[in-house]
Amino acid sequence: MGRDLTAPRDLTALFDPRSVAVVGASDDPAKYGHAVASQALRADGRRPVHLVNRRGGTVLGRRAAPSLSAIGEPVELVVISVPGSGFEAAVEDALACGAKAIVGITAGFAEAGPAGAARQRAVVARVREAGAVLVGPNCLGVADNTTELYLASDRFAPGGTALLSQSGNLALELQLRGAPHGLGFSRFVSLGNQADVTLVDLVEDCARHEATTAIAVYAEDFGDGRAFAGAAAAAGKPVVLLTAGRGSASARSARSHTGALTTSADVVAAACRDAGVELVRTPREMTVVLAAVSSRPGPRTGGRRTAVFTDGGGHGAIAADAAEDAGLDVPELAEATQAGLRTVLWQQSAVANPVDLAGMGEQRPLSYADAVGHLLAAEEVDAVLMTGYFGGYAASEGGLGGGQAGGSVLAEGETRAAEKIVTRLAESPKPLVVQSMYPRSPSCRVLAGAGIPVFAATEDAARALSAMTRRAARSGPELAALPAAAAPLRDPGYHAVRGLLGAAGVPFPPAREVTDEAGALAAAGEFEGPYVLKALHLLHKSDAGGVALRLAGRDDLLAAYRDMRARLGPGSYSVEAMADLSDGIELIVGVNRDPRFGPVAMVGLGGVLTETLRDVAFALAPVPARRAGELLRGLRTAALLSGVRGRPAVDVAAAADVIERITTVAAAHPEIAELEVNPLLVRPGGALALDARAVLG
């Protein structure tokens with residue numbers, strides 16, 4: 001898994017070709033060749049645009065060539081929109097004419113079954129042999145507003161977002177939703193089957209594209225998901241992902257808790273978090289996040305502590321809930337900040353957080369700006385969410401449906417307040433997002449024109465603010481490189497897995513594998529009790545009564561062995577030294593190998609309650625110790641690690657170190673489909689692995 005990210009592909013011929021030809025150009029509006037040809041001719045003055053139709057004649061009022069060879073000169077980019085039976089011949093003609101980039105609109109390849117997949121592989125081999133690149137097949141075209149390249153059926157408003165999509169209709173919806181926020185597009189690429197040019201290639205190229213400030217992706221098939229995460233992490237620009245099918249479980253053997261608990265949604269979310277990708281669920285949410293991360297000027301500091309500022313108590317309460325739902329904190333403001341707010345607000349204003357003008361805006365519109373200035377200056381505030389009626393005074397003057405009388409005095413005052421808010425924000429490194437009942441009002445347009453995101457819905461404003469704060473707080477990607485592959489594990493038995501992990505520095509109690517009573521007694525002579533006895537030939541030992549704990553001495557051990565053998569039959573058993581469980585917390589550490597994203601780690605509360613409590617977190621493996629500690633402290637039950645009801649705190653740093661070692665071993669062994677340590681006992685003085693299991697792929 002993976003690809004050489006040090007040798008990115010040259011896509012210049014795709015986005016800025018010297019000449020273009022549309023094969024399958026048509027006068028029939030029902031054919032895609034008509035739509036692409038119409039768009040291509042918009043930039044006829046930028047580069048030669050040739051229309052090709054096998055019947056010759058004219059298309060869209062200009063002469064069409066009957067074939068590419070009939071053009072009589074080289075063509076650098078060729079769009080092919082012909083019936084499936086003629087696609088391969090069109091590719092050969094394109095390559096013969098010197099094409100360095102081909103856009104395959106034609107469908108009927110890998111998406112149509114094995115025969116189509118075989119045809120597709122043959123086409124890709126031929127294109128690569130010629131040193132060219134292919135987008136598609138089964139795609140809807142490309143566009144680049146920065147080079148006036150229009151080879152898709154729709155127009156895209158110019159802007160800074162590169163849109164890479166497997167859906168044409170979703171791309172159109174994103175364009176429509178983005179227009180009110182001033183969002184435009186530097187590029188559009190329909191991914192199609194990604195037979196040659198992949199999502200990874202495009203993300204890498206858009207990262208290098210100076211006119212692109214953000215990358216929006218709708219993808220159902222990541223191809224090499226790990227490489228996508230790596231490209232996004234290295235992009236240096238916001239990457240926003242909308243994907244489908246996150247809720248279904250990926251195929252796996254599910255012979256461990258890790259396999260049973262890991263779903264595709266977990267894997268995609270972990271990859272996005274580690275790579276710094278904003279994962280969204282709907283086109284509306286994608287638009288909201290793009291508006292936030294594309295805002296200018298961007299915030300320079302990050303943090304979750306949010307001040308909610310409103311002119312109505314209801315709006316403030318709803319916004320505070322929405323902020324917390326979006327992962328932000330809404331703490332009470334410091335007394336010094338409250339005192340400062342009291343100097344610019346009147347007595348009935350609330351100043352604890354949410355901060356509520358309580359009607360003062362109608363008396364003095366500049367109080368909006370004064371309050372925002374104090375909040376942006378407060379040390380305990382990382383971000384500000386302004387919500388409510390602001391915009392309504394100017395809206396009533398402008399005929400946009402404002403509900404209150406007040407005339408031009410209030411409207412002018414509100415506009416001056418908006419201008420002053422812009423000035424205050426320019427002096428602050430903190431993000432500000434606005435929700436308004438009148439987002440299209442003149443005063444709100446002042447804010448939006450300065451790069452302050454303005455939304456009609458409270459939940460949109462909160463989501464936008466969470467995206468802005470996360471991006472500002474992020475110090476860099478958290479995606480660790482895969483280690484070099486180690487010698488394959490041939491024996492997935494319990495003691496062999498213990499040996500593999502032990503060699504990597506994972507601590508285990510003393511243990512010996514036994515198959516008879518003599519072996520059990522010999523083990524008791526090698527290390528002191530109390531003892532643990534495990535039936536290794538059972539998948540879920542605890543559920544079947546295949547684990548006996550706290551066996552005080554040789555007699556108890558022998559009795560337990562005879563009982564287990566009578567109930568569970570002959571097989572392999574393990575005698576181990578019993579660990580002190582009195583002050584410990586049991587964790588689970590597992591790694592499941594996903595077919596798209598490679599090794600994915602799971603950490604959480606372990607032991608016999610793992611699947612019942614499902615308090616687990618995910619990350620791409622290997623997981624560095626620092627990141628492992630963050631995952632542990634982010635669990636719902638994280639308070640247990642710090643000590644509760646008189647219990648001492650456990651050594652989280654030791655647990656994090658062991659997690660790094662386990663996940664590194666799993667990442668270095670691609671033959672292991674699942675690797676699990678459950679439980680990993682964490683005590684005040686360190687961590688100890690008490691059980692291990694591996695499933696070979």
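## Packing of helices α6 and α7

In this predicted model, helix α6 (residues 199–208) and helix α7 (residues 225–234) have axes that come within 9 Å and cross at roughly 5°. Angles under 35 degrees count as roughly parallel, so α6 is roughly parallel to α7.

On the α6 side the contact involves L199, V200, V203 and E204, which meet A227, F228, A231 and A232 of α7. Sorted by class, the contact holds seven nonpolar residues, no polar residues and one charged residue.

## Aromatic pairs

The count of aromatic pairs comes to 11. One of these is the edge-to-face pair of F156 and F185, at 5.9 Å centre to centre with 80° between the planes. F156 lies in the loop between β9 (149–152) and β10 (158–165), and F185 in strand β11 (residues 185–190), so this pair ties together parts that are 29 residues apart in sequence. F156 is buried at a relative accessible area of 10%, and F185 is buried at 3%. Ring pairs also link F156 and F185 with F188 in a cluster.

Y389 and Y438 form an edge-to-face pair, 5.4 Å centre to centre and with 80° between the planes. Y389 is in the loop between β17 (383–388) and α15 (392–398), while Y438 is in the loop between β18 (432–436) and α17 (442–449), so the pair links distant parts of the chain, 49 residues apart. Y389 is buried, with a relative accessible area of 11%; Y438, at 13%, also counts as buried.

## Arginines over rings

R42 places its charged end over the ring of Y150, 3.8 Å from the ring centre. The charged end of R187 sits over the ring of F15, 3.7 Å from its centre.

Terms used: Residues numbered from 1 in each chain as written. Predicted model: local features only at pLDDT ≥ 70, side-chain atom pairs only at ≥ 80, totals over all residues. Heavy atoms only, no water. Axes fitted to C-alpha atoms, helices over the stretch in contact; angles between N-to-C directions. Helix = DSSP H or I, 4+ residues; strand = E, 2+ residues; numbered from the N terminus. Parallel < 35°, antiparallel > 145°, perpendicular 65-115°, else oblique. Contact = heavy atoms within 4.5 Å. Nonpolar A, V, L, I, M, F, W, Y, C, P; charged D, E, K, R; others polar. Phe/Tyr/Trp six-rings, centres within 6.5 Å; stacked < 30°, edge-to-face > 60°. Buried < 20%, exposed > 50% of the residue type's maximum accessible area, 1.4 Å probe, protein only. Lys NZ or Arg CZ within 6 Å of the ring centre and 35° of its normal.
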